[in-house]
Amino acid sequence: MAKDRDGTIVFSLSGKWVSWSHTVVAYSAFLGALIVGMNLHFHKIVKNEHYGYPNEWFPSVSATIGDRHPERSLFQFLIAITSGPRFTLVFVWYFLTAQPNSFVPKFTLVVGLIRTVLCGGWVYITSTDDHQWHDIFMISYLLFTLPWTLGCLASSPNNARAIKYRKYLAGAFFGTLVPLIYFFIQHKVHKVPGAYTIYAFFEWSLILFDVGFDAVTALDFAGLDLRVVDVKGVSKGQFGELADSVAEKTKNDNNLKALVSGKFSWVGMIDAIADVYTGLMFWTVLTSLGVTIWYFPLWHMGISGYEVLVMTSIAPYFLGIGPLRRFLTKNMMVTSILSLTGLIAFLFPEPSTRLFVTGAGVFFSCLALVAGFYAERHSPARLEGKISGFSIGLIASSIAKFACYSNNPVWPIMGAENGGLNRTGLALGVLAVLWSSRKPTSVQDNTPKHAKKGSSFPISLGLAGLFFGLHSLLSDSSTMITWVWDGFPVTGPLAAPHGAFTLLAMGLGFFIGISREGLSRSWPMFAFGSISAVIFHNNHGWWGYYGAFALAAYLTSIIPSFIRTAVQHTPGKTFGNAFLLYNLLVLAHVWTVAYAFVPGGPLLRERTDLVMIMTMSLIGAGVYSTAILSTTSKGKPVSTIHLSPFQRRVKSYFLYTLAALELTAIGIAYMRFPTMDYEPYNKDAKVVSAGIWTVHFGIDNHMWSSERRMRDLIKEMEVDIIGLLESDLQRIIMGNRDMTQFLAEDLGMYADFGPGPNKHTWGAALLSKFPIVNSTHHLLPSPVGELAPAILATIDMYGEIVDVLVFHSGQEEDVEDRRLQSEGIAKLMGDSPRPLILLSYLVTKPHQGNYNTYVSEQSRMNDIDPSDWDRWCEYILYRGIKRVGYARVSRSTITDTELQVGKFVIGDDKTSSNTIIPEDQVPVGWRFPAKFNGEGIRGHRYHVFNQPRYFA
């Protein structure tokens, strides 16, 4: 610091007035706009897109400050005045808390400045001016509020009163977000009258808490003076006073001591990021194996032989060979580079080649993972880094899928044409492994003496249950949400935005695991996890998700203790056994739904409960093993290994990385929040286009993800309502994906996922541009074969309530199943008092067998085209609504089944004739798109009839 200079004090001001001026002017801006708006434009500013006064009677912050003059001008004028004290407050806070080599004050300064600029963004670009940029600035401001709050708390001077108030206000601010989001969803999704008014009160509370948090600085600034000093005698002196020295160096005392200090190292930060990215690549490669294997039995309609590659993950058995183990642990760069093999699979267009390259990637990834853990077993800090990278890598992988609608952009089924970022991911992966493996492995032995190890088998069991739980439930943020999904009206979480809650639960669990390891591995915590699993498995809606949230936190919390215990045993046997048992669990959880196609299938038919029990039981064995290792041979607890300040700082780098990832997840959730303002394609003509399509689990004929190609055809065919069959991808073997997320959000449609993965079907989903008033899920009788799912949805079409039924019948071989299912569907249709459209996969010939049950007096249904004799699987039936058109569109290479679409008109005339008429007699708004005539486009064309059919 430069030497202080003597001079004349021409002005002096207590620092507390910076805080007070900021607080008073900021509150005046908001409250002034509220008072003016309520007096001048009350009815206008309380009105929203659904309701107005008297249902809504208090305005939101955005409506108050951005919609009307003069309140908008008053607000912006006062906020401009606030900016001076605001910037001063941020800088004074930094000067108050800064210490040599301390990172947190600098970090807080930068965050505070960015946050102030972002505030200007949403203040002066209102939602009326540019809704998208207003939202970007607003959500960014809220995201930066978290690091600003944590930074201020971490660097607060030792002022107990100020710290107490900060904690209260910070807790109130973030606690308010929960009911705020809840009532916003009630307003936006459920359209509950008055919900937006309650939301507005919580929104205004955020303003009070936010400004109040910064107002607490008055308590810290009271001991500071801001002075203007004349060091050259240029002032006339009438306001000055002499001082022998006005810049005496500030001395360190207890009041200025920060709670977090220490030198920040960018090298250490990059180390953490590289380890996390390496973990992300491990999970990317591991989770890609199932979906690439799945392609082959899918086309073989049974076991293909390629399934044996699921066993590539037992590679750690090779670490039981001493010379190989020593070579791999001493040459981690070679091992790590080989682990990236799976990332180059996308370069091979041939499906079988891509599968074998992916299998090799899994083999080397599991080998590198275990070798890395074992190599650092004697260095607590570096082992913790590896464990943290593995854990946060899983969270990062799930966030990547959250951002890309449940597809990992680096998977071998992705490419530049369908949203893949394979080359970028590969390049970053190479940089990450080169950086993270540049240091030699540790040789220092800090293992506590006299610690008991016991058998390695219990921890192998525990790791198997843990790996399976992480992979099957947490490798995608929407998996557990689909388990508890129960249709409309919505009574639980949505994949977006609530997937961010799952990611936050995983982050919370990781934090508990590294900060309270003794708690995470305890038997009471295991009981907590087991109870959470029971609640999750046995409930739908929010109650089921509460169990899912707790289970997610528990599973991630036990990762550190399980791996620390495992590396104290022989790696080959310990981790080899773990991955072998993990593979058996993977097969078991596939057997629960694929029982009709695999040997011994009936033993696990629909027994997801048994799989969950086995998973938690294996984890219990792991808890037992950690308890053995945590005690000495005399039964006393092993003393905790104390980390040096540098080692604690290394831990903090992973927490910074985790915080950044969680903030990213929150931002993604905000950007993906459903708008619920969808419109049909031909609303002026009151036409409804309804389609049925069997989509082969979102994998095309050449083993590429097909969502974008499906999107293109659905959009260009102008389909308003579509039933998707073979749509449940929420299993390890299918990549834990959800195609409805991308299709619904990109096409602007409401989505009903259908019966969840715990209902053991191949899936039936419904997408609709019209609001879904109510939907129920059904499982039709299937005493022998695969379960037959159905969705019965009540939909508001242009003000008329119409039922839509999506249904997938059983296999051709199961004759009795299909007969019982036809009777069940006929009863469902017959019991409905409303007009109805059936979008289905029936497995019958027209006018024969079960067809006459579906089209019968009981069901009161009509065939969309009784003269179409060339059908076996897909059918569209209807009643009580005017049918005007029918088209069959070829599939190209997207799937193995065509797209069928029917056109219906909503109105008073509900009569339909089977008389076929030429297209020129049909109103333009009722016609199918002309681009699919003749040769069509991209392999899609009107086939069978070579043109659409229209009916009088």
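Q: Within what distance do the axes of α4 and helix α6 come, and at what angle do they cross?

A: Two packed helices are described by the angle between their axes and the distance between the axes. In this predicted model, where local features need pLDDT of at least 70, side-chain atom pairs count only at pLDDT 80 or more, and totals for chains, interfaces and linings use all residues, the axes of α4 and helix α6 (residues 131–155) come within 11 Å and cross at roughly 35 degrees. Residues are numbered from 1 along each chain as its sequence is written, and side-chain values use heavy atoms, with hydrogens and water left out. Axes are lines fitted to C-alpha atoms, for helices over the stretch in contact, and angles run from 0 to 180 degrees between N-to-C directions. Helices (H or I, at least four residues) and strands (E, at least two) are DSSP runs, numbered from the N terminus.

Q: Is the crossing of α4 and α6 left-handed or right-handed, and which residues make the contact?

A: A crossing is left-handed if the near helix is turned anticlockwise from the far one by less than a right angle, and right-handed if clockwise. Here α4 passes α6 in a left-handed crossing. On the α4 side, the contact (heavy atoms within 4.5 Å) is made by R86, L89, V90, W93 and T97, and on the α6 side by W148, C152 and S155.

Q: Which residues make the nonpolar surface patch, and which helix gives the largest share?

A: Patches are made of residues with over 30% relative accessible area and no salt bridge; like charges are joined within 9 Å, and nonpolar side chains (Val, Leu, Ile, Met, Phe, Trp, Tyr) within 5 Å. Accessible areas come from the Shrake-Rupley method with a 1.4 Å probe, and for residues only the protein chains shown count as cover. In this model, F87, F91, F95 and V117 make a nonpolar patch of about 390 Å². Helix α4 (residues 71–97) supplies the largest share, three residues. Buried means under 20% relative accessible area, exposed over 50%, and partly exposed in between (1.4 Å probe, protein chains only).

Q: How many salt bridges does a search of the whole structure find?

A: Side chains of opposite charge can pair when their charged atoms come close. A salt bridge is a side-chain nitrogen of Lys or Arg within 4 Å of a carboxyl oxygen of Asp or Glu. The search finds 33 salt bridges in the whole structure. In one of them, the side chains of R166 and D220 meet at 2.4 Å, N to O. Because R166 lies in helix α7 (residues 160–188) and D220 in helix α9 (residues 217–221), the pair ties together parts that are 54 residues apart in sequence. R166 is buried, with a relative accessible area of 1%, and D220 counts as buried at 9% relative accessibility.

Q: Which residues are linked with E517 and R564 in a network of salt bridges?

A: The network links E384, E517, R521, R564 and K651. Between E517 and R564, the closest N and O atoms of the salt bridge are 2.8 Å apart. E517 lies in helix α19 (residues 517–520) and R564 in helix α22 (residues 559–566), so this pair ties together parts that are 47 residues apart in sequence. E517 counts as buried at 16% relative accessibility, as does R564 at 17%.

Q: Why is α22 described as largely enclosed by the rest of the structure?

A: Eight of the eight residues of α22 are buried, so this helix is largely enclosed by the rest of the structure. Among the buried residues are I559, F562 and I563.

Q: Which peptide bond is cis, with omega near 10 degrees, and which residue has phi near 55 degrees?

A: Most residues other than glycine have a negative phi, and most peptide bonds are trans. The peptide bond from Y53 to P54 is cis, with omega near 10 degrees, and P54 lies in the loop between α2 (42–45) and α3 (61–66). K686 has a positive phi, near 55 degrees, and lies in the loop between α25 (645–671) and β4 (687–694).
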